[in-house]
Amino acid sequence: MPCLVCPKGKTASLMEYRDNPGGGCYDRRVSGFGFEILAESSVSDEKRDSEDTKGCRARLGKVTTPHGEFDTPAFMPVGTKGTVKGLLPQVVRETGSQVILNNTYHLMLRPGSELVKKMGGVHRFMDWDGVILTDSGGFQVFSLGDINELNDAGVTFKSQIDGAMVRMEAEDSMRIQNDLGADIIMAFDDCPPAKITDIDGQSPAGRHAVSDKEYDTRNRQAVERTVNWLKRSVDAHNNDAQALFGIVQGGTDLAMRSECAERVVEMDLPGYAIGGVAVGEGHEKMMQITRHTAPRLPRDKPRYLMGVGYEKDIVAAVKAGVDMFDCVLPTRNGRNGNAFTGQGQIRLRNAQYKEDARPMEEGCDCLTCRRFSRAYIRHLFMADEMLGPMLVSIHNIRYFQRLMVDIREAIRKDDWSIVGANRPVLDMDA
Ligand SMILES: [Zn+2]
């Protein structure tokens, strides 16, 4: 008897299906996870599936998990160390956030995944009752870690907490993410460094960049490892309640992206991510990769563009058919006193706001804008008070969630002018 849930009819018997009413399949090890497309932008199938077009392939959907649902396209605030910096979970919830991201790299080093497991898992530990996604830890090992050894089996790096050598392979990432207990977990992958000639401006990612010649070898290696580590991740994954997403690498080489997508999709997973972007390659290249890769991922599964981005990146990627995003921008910039607004970012430390009684952004419904003036928030930053970073982070997350609300409305009504309205600096056709 083919599975009643899997489109490919690959697995479970009817009896197994009855025993697992959450809707998943045993061999995909997902119960209680689902993705439903509620509306799609009105373009022809031909245009939607053609790769190098800016044609709109946007989808409005809903992801279901054991900790509730979230609407897509979705923006996930980053709660690096098990906290969205400076914000109570309730406050994060009030920004309209339904799903947050935690970083495996940070939590494994401190306090350690065993402790989080002992405390009832990461939802309970941080008191977030919504959906949580954890990354695999790989990207941060490569971008932050002091790498001692990187080979086909995995990576050894020096802990930034106590200098100890830490070995990380696919099985370790899965064990740690199983301990943490997020609803969506990511396969362990190898993210190649950017190519020097692709680096856009003064991106900090440039410090790892490699020459063009070296790049092709390193990129091929990263794709092979990513596919191999995905297989090992699938085998090691050991918690039915968590959905494991595969990640497509391939750098800026579109043929490598195609190959990697094909090999990753073969694994038949509940969702897929496009990784290795936003590493300094710039908007144009990022969108070229996204427009090329997204249609190569199954239409009936959520697609996640990792670590992106600015408003125009998100709008363009949604149009390319991406459903999920995460980025540190709202909180990182918030802590530095930079507020996102529809008129562009404003720097609250500037003297021009000294006597400015207006809210940070007129018309914003966030807690900060409802109650506090620019002058007060500027004062908090000048006086180095902790409330300043908190208030701007609240606004910035809400700003991104309002963007997502408008994007979802635009898809539902098939009218993108909804997103452009009141955002004069947002390039809708980027
Ligand atoms: Zn606001």
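What distance should the 12 residues of helix α10 span at 1.5 Å a residue, and how far apart are its end C-alpha atoms? The views below, all from a predicted model, start with that one.

**View A. Helix α10, residues 254–265, end to end.** On the inward side you'll find the buried residues R257, C260, A261 and V264. Looking down the axis, these fall within an arc of 105°, so they line one face of α10.

**View B. What surrounds α10.** Its buried residues pack against α9 (212–236), β11 (243–248), β12 (271–274) and α11 (282–293).

**View C. The open sheet β7-β8-β9.** Three strands line up in that order with antiparallel pairing. β7 (146–150) and β9 (165–169) each have a single partner strand, so one side of each is left without a neighbour in the sheet. From one strand to the next, the twist averages 25°. Helix α8 (residues 170–180) packs on this sheet, touching β8 and β9, and its direction makes about 95° with that of β9. Zooming in on β7 and β8 (residues 154–158), four bridges hold the antiparallel pair, with L150 opposite V155 in β8.

**View D. The β2–β3 hairpin.** Two residues connect the strands. β2 (residues 59–65) and β3 (residues 68–72) run antiparallel and share five bridges; K62, for one, has D71 in β3 as its bridge partner.

Technical notes:
Residues are numbered from 1 along each chain as its sequence is written. This is a predicted model: local features need pLDDT of at least 70, side-chain atom pairs count only at pLDDT 80 or more; totals for chains, interfaces and linings use all residues. Two strands pair if DSSP finds at least two bridges between them. Axes are lines fitted to C-alpha atoms, for helices over the stretch in contact, and angles run from 0 to 180 degrees between N-to-C directions. Two residues are in contact if their C-beta atoms, placed from the backbone, lie within 7 Å. The expected span of a helix is 1.5 Å times one less than its number of residues. A residue is buried if 20 or more other C-beta atoms lie within 10 Å of its own, exposed if 12 or fewer, and partly exposed in between; C-beta atoms are placed from the backbone. The arc is that of the directions from the helix axis to the C-beta atoms.
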